[in-house]
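Dear colleague,

Please find below the sequence and the structure that I am handing over to you. My findings follow directly after them.

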Amino acid sequence: MKFRGKMTEVMCMKQFASVIATVARLAKQCVVRITKQLLNFIIVDENAAAGKPVVWCRLEQSHYFNEYNMAGVSEEQDEIYLEFESDAMAKSLVTLKSNIGAKSVKVKLTNKKSPCLTFEIMLSEFSHSRLCVHDIPVTVIPRRDWKLFQEPKVPNFDVSIQLPSLKLLRTVAERMKTLSPYVTVLANQEGVLVLKVETPDATVSTHFKDLIVQSQHKMGVPLARSWLTEASGRSSECDTSRSLLQTPPPTSPPNCKLYKSDEYYSARVDVRKFVQFLSSEQVNPNKVVCNIVDDQMVVLFLLHEDITLHYYLPVVSV
């Protein structure tokens, strides 16, 4: 079992550090799944009985690493699962986002009395270069526990809507957090998103209009898959590239659920966790999509080039 990689592109190093910083804001512990093609950063809900991933972040290794070599636990199971403290890694990589100037970063799986992910950061300042080495302790997750860290199945959503500025949303949500521990997220097919909190004394809501809505059927392509297809630049042969603001297709696909454009779909979620996700703007996403399964969950997609981050917020019953 081995892993070694090297990054030399400045923007890739900064972007990688931003992803780790975002993960660190969401949870103290994180699991990284290392394969030949991908790095997956996974956060599991510790409160759930069986433990379910609530964050699934996918990075294409070819976008970040100029050199990349790994070998899993076996030829049949060519993967590595490591658990680490996300804050410790984020602090170790903070120099990658500074103006000091990192020339390269090497990361490798080492054994220094205990397993570690070792980062060797070559810094260049004026005419001098220096090497900073950070050892992040990790726990190797045994194969019998891998099933706890599999990618969640993406459900079919009742509505899927592109979010406005995360900074603006966070400002609103932060104020709502002082009123209630829960926020209800509502959206409809006419591009309206509503954040609402209810207290014994008042109901407060903020409306965002004219947002981009994903068609409920890309001629038979499920919502979740059609968003991800667009994000990766791939197209489906049954993709009509229509939006709800355009003329709908003449016929609906078989077994397609019929929706009223002004009908709201909603889910009440933990406002603190919702605010945590809204701090992800440092990744500079191309788009952020809010997907609602009525009265069941909110699934947030953060999409940026070769980064895909899914954040699952189950409904909260009060």
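Two strands are taken to pair if DSSP finds at least two bridges between them. The model is a predicted one, and the pairing described here is read from it.

On that basis, strand 16 and strand 17 run antiparallel and are joined by 8 bridges. Within this pairing, Phe301 lies opposite His310 of strand 17. The hairpin that the two strands form has 2 residues between them, and Glu305 adopts a positive phi near 45° there.

Strand 16 also pairs with strand 15 (residues 287-293), again in the antiparallel sense, over 7 bridges. Here Val288 faces Leu302 of strand 16. In this second hairpin 3 residues separate the strands, and Asp295 has a positive phi near 60°. As for burial, strand 16 (residues 297-304) is largely enclosed by the rest of the structure, because 7 of its 8 residues are buried, that is, under 20% relative accessible area.

I turn now to the largest pocket, whose volume is about 590 Å³. It is lined by 25 residues, of which Val44, Asp45, Glu46, Val54 and Lys273 are the closest to its centre. The elements that contribute two or more residues to the lining are strand 2 (29-34), strand 3 (38-44), strand 14 (265-270), helix 6 (271-277) and strand 17 (307-314). Strand 17, the hairpin partner of strand 16, supplies the largest share, with 4 residues. By class, the lining comprises 15 nonpolar, 3 polar and 7 charged residues.

With kind regards

Conventions: Residues numbered from 1 in each chain as written. Predicted model: local features only at pLDDT ≥ 70, side-chain atom pairs only at ≥ 80, totals over all residues. Heavy atoms only, no water. 1 Å grid on protein atoms, 1.4 Å probe; cavity = no way out; pocket = protein on both sides within 12 Å on 5 of 7 lines; lining within 4 Å. Points joined across faces, edges and corners; volume = space filled by probe spheres on them. Nonpolar A, V, L, I, M, F, W, Y, C, P; charged D, E, K, R; others polar. Buried < 20%, exposed > 50% of the residue type's maximum accessible area, 1.4 Å probe, protein only.
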